[in-house]
Amino acid sequence: MPIATIAPSVAQDLDATSDAIDEVNQLRGRLWDEDSEFDKDKDKEGFRDYESACDRVKNFYKEQHEKQTVAFNIKARMDFKSRRRARMGVWEAIELLNTLVDESDPDTSLSQIEHLLQTAEAIRRDGKPEWMQAAGLVHDLGKLLLLFGSEGQWDVVGDTFVVGCKFSDKIIYPETFKSNPDSNDELYSTEYGIYKPHCGLDNVMLSWGHDEYLYNVFKDQSYLPDEALAMIRYHSFYPWHREGAYRHLCNEKDEKILAAVQAFNPYDLYSKSDDRIDVEKLAPYYQGLIAKFFPPILDW
Ligand SMILES: O[C@H]1[C@H](O)[C@@H](O)[C@H](O)[C@@H](O)[C@H]1O
Ligand SMILES: [Fe+2]
Ligand SMILES: [Fe+2]
């Protein structure tokens, strides 16, 4: 947002130099543009090639698409609300996540900490605001569910989709939904299912996994702006942000947050081919960033 649009009184109160205004705006999530320099020179062909993906990936999606039912999703949300899984800081959580290998991902063999730092570094190099760097740094922390009693990988990782209405053919391996009992349900298999036209994504149940879990953790325990929370919540929702599905369920608010989620996506996806990073060297910078956007200890 241009500086001129800030109320003069606010600027005076802050005794602001333009640098100070920039900083305030960055923290509030106002100052950013959606263009990305970062992926300009990337060869995007090799990413998300599910046709020639290995059996590990194919088997993962077969199981996920069979088991993500409405009934399971209601149960997962009740379970989330009924207990606290851990208490720790964000950096500690990042270190803990490092033990995990994501079976749904055809594109990276790096550790999770490297993927988080690569994503955040790509955002930082592109001069994006601190809140977006913070979103990049934490966006996959929801995979901690794997250590908190998930049923498997199928209820944690992978792309997300809507349950409670017809499974979109824009989801990868759409044929695997044949074995999902909801495909034969007379309500859940219709275009709108349990939803009203343009009811808004806030009122729609996305398949349970690391996005939805982490959004619920951070929505009351962070100082992240709405755009950052949307990046976290919808980053795996490729049928929506990449393939254009589910527009009949979206409202005006969703059209706005779509731009934020799409702006985030290249950093998440294409940073997977970047150079290796030095975790120890970057740790102090990112610990400082964490202190700005999160309480020292959170309930997970
Ligand atoms: O395999 C990946 C991985 O699990 C990511 O964390 C997720 O965000 C993507 O949507 C998925 O395709
Ligand atoms: Fe993810
Ligand atoms: Fe990611």
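Visitor: In which loop is the place of Cys 165?
Guide: The elements here are DSSP runs numbered from the N terminus, helices being H or I of at least four residues and strands E of at least two. The model is predicted, local features need pLDDT of at least 70, side-chain atom pairs count only at pLDDT 80 or more, and totals for chains, interfaces and linings use all residues. Residues are numbered from 1 along each chain as its sequence is written. Cys 165 has its place in the loop between helix H7 (130-138) and helix H8 (210-218).

Visitor: Is Cys 165 buried or exposed?
Guide: A residue is buried if 20 or more other C-beta atoms, placed from the backbone, lie within 10 Å of its own, exposed if 12 or fewer, and partly exposed in between. Because Cys 165 has 23 C-beta neighbours inside 10 Å, it counts as buried.

Visitor: Which residues is Cys 165 in contact with, leaving aside its neighbours within four places in sequence?
Guide: Contact requires that the C-beta atoms of two residues, placed from the backbone, lie within 7 Å. With those neighbours left aside, the contacts of Cys 165 are Tyr 188, Thr 190, Glu 191, Tyr 192, Gly 193, Ile 194 and Tyr 195.

Visitor: What separates the C-alpha atoms of Cys 165 and Met 205?
Guide: Along the chain, Cys 165 and Met 205 are 40 residues apart. The separation of their C-alpha atoms is 9.6 Å.

Terms used: Chains are lettered from A and ligands numbered from 1 in the order in which they are written.
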